Amino acid sequence: MSDVTGVVIAGVGGQGIILASRLLAETAMDIGLDVKVSEVHGMSQRGGSVITYVRYGRKVYAPLVEVAEADYLISFECLETARWLSMLKDGGTIVMNSQQIAPSTVLANQAVYPSDISARLNEITDISVFEIDALRIAKDSGFIRAANVALMGAFAAVSNLPYESLEKSLERILEGRRLEENMFCFRKGYESVRK
């Protein structure tokens, strides 16, 4: 891998975005790559937008991903996909959870949640979009908080990091906590994109 890969991970506070960025960083380091991570916490404790940047490659000099330079956008919520779409470069890949979490403006009837985000994304011809119902996968596992792990399994199916390395890193990071349910979600997320 000669070039640096830029990943933007976006979602809403409490969705497990920090664990996702840690998974990518540790996996990249495990296979001998240089890694830089930058976490930008919005109003995470109030359900606000949260974003992290992960860059990995032979030599990485800066942690931030610039506009139109991300190879991947991993989005834990539909509206966050639309919010951060400008970060993705031409030919980039979106891995998106179909979950919709209404922001405060929608809850206060000051705005309407857009109903056509998926359709509009699929009309863009120079990107690839992989959408999964990570929340349903997590519910099927019996551990609803593992939706983030299901989404990372979907990312494993399209990423340039080896699946086995991601899986090993995840097992180590979880340290046995709800391991069976989390690994179920990781594999189901992977399978949902592979088929």
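Is Glu-26 buried or exposed? Glu-26 counts as buried, at 16% relative accessibility (buried means under 20% relative accessible area, exposed over 50%, and partly exposed in between, using a 1.4 Å probe and protein chains only). Keep in mind that this is a predicted model, where local features need pLDDT of at least 70, side-chain atom pairs count only at pLDDT 80 or more, and totals for chains, interfaces and linings use all residues. Residues are numbered from 1 along each chain as its sequence is written, and side-chain values use heavy atoms, leaving out hydrogens and water.

- Side chains of opposite charge can pair when their charged atoms come close.
- A salt bridge here is a side-chain nitrogen of Lys or Arg within 4 Å of a carboxyl oxygen of Asp or Glu, and by this rule the count comes to twelve.
- One of them joins Glu-26 to Arg-172, with N to O at 3.1 Å.
- Glu-26 sits in helix α1 (residues 17-30) and Arg-172 in helix α7 (residues 163-174), so this pair ties together parts that are 146 residues apart in sequence. (Helices are DSSP runs of H or I with at least four residues, strands are runs of E with at least two, and both are numbered from the N terminus.)
- Arg-172 is partly exposed, at 42% relative accessibility.
- Both residues also belong to a network of salt bridges that links Arg-22, Glu-26, Asp-30 and Arg-172.

- Arg-83 pairs with Glu-80, their closest N and O atoms being 3.1 Å apart.
- Both lie in helix α2 (residues 78-84), three residues apart, which is about one turn of the helix.
- Glu-80 is buried at 3%, while Arg-83 is partly exposed at 43%.
- Lys-36 and Asp-34 form another salt bridge, at 3.4 Å between the closest N and O atoms.
- Here Lys-36 is partly exposed at 26%, and Asp-34 is buried at 18%.

**How α6 meets α8**

- Helix α6 (residues 147-158) packs against helix α8 (residues 179-194) at about 45 degrees, with the axes 6 Å apart. (Axes are lines fitted to C-alpha atoms, for helices over the stretch in contact, and angles run from 0 to 180 degrees between N-to-C directions.)
- The two helices are therefore oblique to each other (under 35 degrees is roughly parallel, over 145 roughly antiparallel, 65 to 115 roughly perpendicular, and the rest oblique).
- Residues in contact (heavy atoms within 4.5 Å) include Val-149 and Met-152 in α6, and Phe-186 and Tyr-190 in α8.
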